[in-house]
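User: I would like to learn how to read strands and helix packing in a model. Where do we begin?

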Amino acid sequence: MATNVYLYGDESACKSVLYPIFTGEEDYKIVGACSRETDVLRGVSGAGTDVLVVYVDGSDAILRGVQQVYALRPGIIIVGIVAQSAIQDVRTLSSGIQYAYDERMSKKQVLEQLHVVLTVERSRMEALSGAMVVADTKYVGFISAKDGVGKTTALVNTAVALAKCNKKVVVVDCDLLYGDVGCYFGIDSGNNDLGELLQEVGEPTIDDIRQHLVIHESGVNVLCGPRGPEIAEKISPAQVSRVLMALRGYYDYVLVDTGTTIDDTFIAISEAVGDIFVCVRPDIAVLKHTKTLLSLMHSLGMASKMNLVISFVSPDTRIATNDVVRVLKTNLAFEIPYDWVSCCSASNNGVPITLSAAKNPVSRAVIDYAVRMTGAAAAPLGPRHGKRGKKSFGGSVTPSAAEAGQETGKRRGLFGLKKGLK
C-alpha cells in the first residue's frame, strides 16, 4: 500500500523541490498540497495523510501551520526539506518537524531516509499504542555446540527476513557472557540492554522492556545482551524466562540467541521456546560436539523442538548436507550457502546481508525459508549502503545517502544521531 504524502510550503517551492521527490514513485502517493497555514490542518485531515512533507524556508506562517498539525494530528509524521537560508533557524525545533534534511540532498537520498523514518515511526506508534494485536507469538531459539558456526548470522538474517514478510519481530540476545547481536545489526544500544533492564526492574513488564529495545531500520526490535560478562552473574534463569514471557502477545516472532555454555539459563530458554534451531557447519569437530548437544537435548525431552540450520554449505565440502542430517538424525530447517566474503563483510559493517544484498544466495536461502515459515510473500525493504554516518542537520549536512542513513538502530533528527529509539 502506498504511503500518503501531503506537501506544504511556498507554491513555487512545492513545484520545484517537493513534487519531483515523489513523482513516479509507486510507494508514495501525493494526496494534496497547500501553501497557506489556514488550510494545512484541514487538508491533511481530509486526505488520510501519513507523512506531511514541508519546505522550510524560515517563514513564520509555514512554521505555525506545522505546529498545528503536530499538536492536533499526532499520528502524522512531519518531515522538513530545509532551505539553505533556514538551516540555522532554531525555530524549526519547536514547530514540530521531526526529521529535517537539506534541500541539496538528492531525490534518492531523501527517499532512502524517508523509508527508514517510516519503519521506525510505525514501530514506535505500535509500541506506544500498547495494543495486543498478536494472537499467537512464536518463540524460536538459536543454539550451537561451538562458536563460529554462523548461529548469530542465521538468527539476525532470519529476523530481517521475517520482517520482510510483514511480521512483528523482536530479537533477545541471551548470550549473557559475550552476546554480539547488536554488532551484527550495527546498533549501539547505549544503556538499553538486557543487563540494564534486569538491574532496574526485577520483574519487567512489556512497558519496561520496550524502554530498553532498539528499533532497527528493518523494523526488527532488538534487546541487546549485557555490556560485560560480569553482569551475567547477576541475571537468573527465572528473570530471563520472565522477560521472554512478557513479550507474548506483542510480537509475531521472538528470536532468542544463546551462548554455547549449557547452564541453567540455557535450559530455561530451551524450555521457553517452541522451536530450537541447532546451527551447525559440515566440520567433523562441530558435528561431534553437536551430536553430544543433541543427545542432551533429547534426554531433556526436547527432541521434537530440534531443527538443523546448516551453514557454510558448499559443493566443495567433503561432508554433504544429507550426511549431516543422517549423522545428527534431526530435521533440516534450511541451509546457508558458503559465501565467506559477503557474510564477513556484512557482519563487519553491521548490515544484515538480507538487507544489503537481497539477491545474494545466502539472503535467498534465509528469505525463502521465512516465506515458507510464514506463508507470506517477502516485501523489499529498500537499498542499503556500507558507510557510517556523519553529523547532519545542525552541523555539516551529509553529502551522500550512505552517510545519511547508515547509523543503524539510531535515527537522524535535527541535530544528528539519536541513540536507542523506543
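Analyst: Begin with strand β4 (residues 77-82): 6 of its 6 residues are buried, so to speak mostly covered. Buried means under 20% relative accessible area, exposed over 50%, partly exposed in between (1.4 Å probe, protein chains only). This is a predicted model: local features need pLDDT of at least 70, side-chain atom pairs pLDDT 80 or more, while totals for chains, interfaces and linings use all residues. Numbering starts from 1 along each chain as its sequence is written, and side-chain values use heavy atoms, without hydrogens and water.

User: Which residues lie on each side of β4, and are they buried or exposed?

Analyst: In a regular strand, side chains alternate between the two faces of the sheet. Here I77, V79 and I81 lie on one side of β4, with I78, G80 and V82 on the other; all are buried.

User: How many bridges join β3 to β4?

Analyst: Two strands pair if DSSP finds at least two bridges between them. Strand β3 (residues 51-56) and β4 run parallel, joined by 6 bridges. V51 sits opposite I77.

User: What is the strand order in the open sheet?

Analyst: The order is β2-β1-β3-β4-β5, with parallel pairing. β2 (28-34) and β5 (99-102) are at the edges; each has a single partner strand, so one side of each lacks a neighbour in the sheet.

User: At what angle do α6 and α17 pack?

Analyst: Angles run from 0 to 180 degrees between N-to-C directions, with axes fitted to C-alpha atoms, for helices over the stretch in contact. Helix α6 (residues 151-164) and helix α17 (residues 361-374) pack at about 55°, axes 9 Å apart.

Note on methods. Helix = DSSP H or I, 4+ residues; strand = E, 2+ residues; numbered from the N terminus.
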